[in-house]
Amino acid sequence: RTWRYTLEKPGDGWMRPDHDDGKWREGPAGFGTRGTPGGAVRTEWATPQIWLRRSFELDGPVPAGLELLVHHDEDVVIYINGVQAASASGVTTGYEEVPITASGKAALKPGANGIAVQCRQSTGGQYIDVGFAAVRAQKDKF
């Protein structure tokens with residue numbers, strides 16, 4: 001997927017769907033530095049922070065078990081339609097399921113939606129990629 005991104009701190013409200021990101025760059029995910037464990041870098045990112053945005057369509061109601069699928073190095077905050085929907089800190093070496101907050105799920109609506117991501121890096125490799133996954137409940141086997 002192609003995202004709009006900036007490496008310079010954007011203005012207030014950057015995470016809202018109506019924010020003008022027309023001067024932001026465009027690039028495919030994932031974002032980071034080559035050699036970051038587990039990262040498939042398609043757009044180079046080597047500054048302390050990155051801000052990402054893209055729109056997406058939701059056909060029908062919010063799927064049951066919807067979660068975020070996130071690979072991050074280092075700290076990440078994720079917004080859906082301007083509402084903070086998730087955050088995670090530290091480093092992952094692959095994609096992990098991250099629950100969406102109740103307010104984040106409530107912000108989703110059929111039709112056009114927006115997702116915005118801020119990722120912070122302090123040392124070592126760096127990487128960010130975010131998507132959605134509908135997770136099925138697993139039944140215990142006895």
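Helices and strands here are DSSP runs, numbered from the N terminus, with at least four residues (H or I) for a helix and at least two (E) for a strand. The model is predicted: local features need pLDDT of at least 70, side-chain atom pairs count only at pLDDT 80 or more, and totals for chains, interfaces and linings use all residues. Residues are numbered from 1 along each chain as its sequence is written, and side-chain values use heavy atoms, without hydrogens and water.

Start at Gln-126, which lies in the loop between β10 (111–120) and β11 (127–134). Gln-126 has a relative accessible area of 6%, so it counts as buried (under 20%; exposed is over 50%, partly exposed in between; 1.4 Å probe, protein chains only). Leaving aside residues up to four places away in sequence, Gln-126 touches several others, among them Phe-31, Trp-45, Thr-47 and Asp-73; a contact means heavy atoms within 4.5 Å.

The side chain of Gln-126 reaches two backbone oxygens: that of Trp-45 at 3.0 Å and that of Thr-47 at 3.1 Å.

Next comes strand β6 (residues 66–73). In β6, 7 of the 8 residues are buried, so the strand is largely enclosed by the rest of the structure. Two strands pair if DSSP finds at least two bridges between them. β6 pairs with β11 in the antiparallel sense over 8 bridges, and Val-70 has Val-130 in β11 as its bridge partner. β6 is also joined to strand β9 (residues 96–99) by 4 bridges, again antiparallel. There, Glu-67 has Pro-99 in β9 as its bridge partner.

Terms used:
Polar contact = N/O pair within 3.5 Å; in protein donor to acceptor, adjacent residues only side chain to side chain.
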